[in-house]
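User: Can you take me through this one? I'd like the overall fold and then a couple of positions.
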Amino acid sequence: MRNSDIERNSELVESLKQFFNAQSTAAPRTSLCAKCGSILRYLPTQFWLEGDEKGWNIRLPYCPDCHPLPVTKETFVA
Ligand SMILES: [Zn+2]
């Protein structure tokens with residue numbers, strides 16, 4: 001792997017980290033679905049980044065009416 005590729009990859013990881021941190025800290029009490037207006041629920045989701053030992057546990061909002069059968073837990077590997 002060339003140095004430029006490594007730098008680009010670490011930049012991507014950093015931006016992903018910032019995104020996940022923003023998602024996990026931003027915790028509005030009640031969010032409403034933009035489509036149907038139902039109160040959104042939160043799905044505990046775990047993210048792992050390659051090369052990092054620690055993953056992120058964040059809660060992704062989903063609409064129980066528009067998406068009545070969400071997976072209970074998903075793991076994303078970036
Ligand atoms: Zn909805």
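Analyst: One term to begin with: a residue is buried if 20 or more other C-beta atoms lie within 10 Å of its own, and exposed if 12 or fewer do. Also, this is a predicted model.

User: OK. T45 then, buried or exposed?
Analyst: T45 has 20 other C-beta atoms within 10 Å, so T45 is buried.

User: Which element is T45 in?
Analyst: T45 belongs to strand β1.

User: How much of the protein is buried?
Analyst: Of the 78 residues in the protein, 4% are buried.

User: Switching to the fold. How many helices and strands?
Analyst: The protein has one helix and three strands. Along the sequence they run in the pattern α-β-β-β.

User: Now A34. Where is it?
Analyst: A34 sits in the loop between α1, residues 3-25, and β1, residues 41-48.

User: Why is A34 classed as exposed?
Analyst: Because A34 has 9 other C-beta atoms within 10 Å, and the cut-off for exposed is 12 or fewer.

User: How far is A34 from C63?
Analyst: A34 and C63 are 9.2 Å apart in space, C-alpha to C-alpha, and 29 residues apart in sequence.

Conventions. Residues numbered from 1 in each chain as written. Predicted model: local features only at pLDDT ≥ 70, side-chain atom pairs only at ≥ 80, totals over all residues. Helix = DSSP H or I, 4+ residues; strand = E, 2+ residues; numbered from the N terminus.
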